[in-house]
Structure formats: C-alpha cells, structure tokens
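Hi everyone, thanks for having me. Could you please put the model up on the screen, so that we can walk through it together?

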Amino acid sequence: MMDPTTLDDHAFAAWAAERAGAVLLDVRAGAAAGGLEGRALKEAGDAAAQAELDRVLTQHRPGDS
C-alpha cells in the first residue's frame, strides 16, 4: 500500500479524489437499500465524500486540513 504522506501535492490531490470517488460509489451502491434517491442521494453523497476528504487531510496532511 502506498504512503500518501510521500506524495507531492498534485499526486496527493488525485489520490484523495479517488478515495472520495470510491466513497461516492459506495453511497450510490447502497442507495436503494437506504431508500435514497434524488436530492437525498445527492446530499448523502456530498456529505460522505466531504467526510472522506476531511479524514484523509486530517490524517495525512494535518497542516492543510
């Protein structure tokens, strides 16, 4: 597994975006089971992706969070 703390800013941003994208796909995959659609699905995806970005920034770039 790669250590994101060793990445330059551009590579880190791409890695973080991939993480957020994976979270969005998870939210979408569970949408039907959770009864999410339309605006509620969008808001759940936005919140989950933001939480993931916050998490990776706090963990790997605490000075940037």
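Let's start with His-60, which touches Pro-4, Thr-5, Phe-12 and Trp-15 once its neighbours within four places in sequence are left aside. By contact I mean heavy atoms within 4.5 Å. His-60 belongs to helix α3. Helices here are DSSP runs of H or I with at least four residues, strands are runs of E with at least two, and both are numbered from the N terminus. His-60 is buried, and its relative accessible area is 17%. Buried stands for under 20% relative accessible area, exposed for over 50%, and partly exposed for what falls in between, using a 1.4 Å probe and protein chains only.

A quick word on where this comes from. The model is predicted, so local features need pLDDT of at least 70 and side-chain atom pairs count only at pLDDT 80 or more, while totals for chains, interfaces and linings use all residues. Residues are numbered from 1 along each chain as its sequence is written, and side-chain values use heavy atoms, with hydrogens and water left out.

Which residues of α3 are buried? They are Gly-45, Ala-49, Glu-52, Val-56 and His-60, and these buried residues pack against α1.

Let's look at that pair of helices. The axes of α1 and α3 cross at roughly 145° and come within 9 Å. Axes are lines fitted to C-alpha atoms, for helices over the stretch in contact, and the angles run from 0 to 180 degrees between N-to-C directions. The α1 and α3 crossing is right-handed. For handedness, picture the near helix turned from the far one by less than a right angle: anticlockwise is left-handed, clockwise is right-handed. Residues of α1 that meet α3 include Phe-12, Trp-15, Ala-16 and Val-27. On the α3 side, Leu-41, Ala-44 and Leu-57 are among the residues that take part.

Next, the largest nonpolar core. It has five residues: Leu-7, Phe-12, Trp-15, Ala-16 and Val-56. Helix α1 gives the most to this core, namely three residues. A nonpolar core is a set of buried Ala, Val, Leu, Ile, Met, Phe, Trp, Tyr and Cys residues joined through side-chain atoms within 4.5 Å. Val-56 is in contact with Phe-12, Trp-15, Ala-16 and Arg-61, leaving aside neighbours within four places in sequence.

On to the charged residues. Side chains of opposite charge can pair when their charged atoms come close. How many salt bridges are there? The count comes to five, where a salt bridge is a side-chain nitrogen of Lys or Arg within 4 Å of a carboxyl oxygen of Asp or Glu.

One of them joins Asp-9 and Arg-61, at 2.8 Å from N to O. Asp-9 is in helix α1 (residues 9-29) and Arg-61 is in the segment after α3 (38-60), so this pair ties together parts that are 52 residues apart in sequence. Are the two partners buried or exposed? Asp-9 is exposed at 54% relative accessible area, whereas Arg-61 is buried at 13%.

Another salt bridge pairs Glu-52 with Arg-19, at 3.3 Å from N to O. Glu-52 sits in α3 and Arg-19 in α1, so the pair links parts that are 33 residues apart in sequence. Glu-52 is buried, with 9% relative accessible area, and Arg-19 is partly exposed at 31%. Not counting residues up to four places away in sequence, Glu-52 touches Arg-19, Ala-20 and Val-23.

Arg-55 is partly exposed, at 39%. Together, Arg-19, Glu-52 and Arg-55 are linked in a network of salt bridges.

Last stop: Pro-62, in the segment after α3. Pro-62 is exposed, at 58% relative accessibility. From Pro-62 to Thr-6 is 56 residues in sequence and 14 Å in space, C-alpha to C-alpha.
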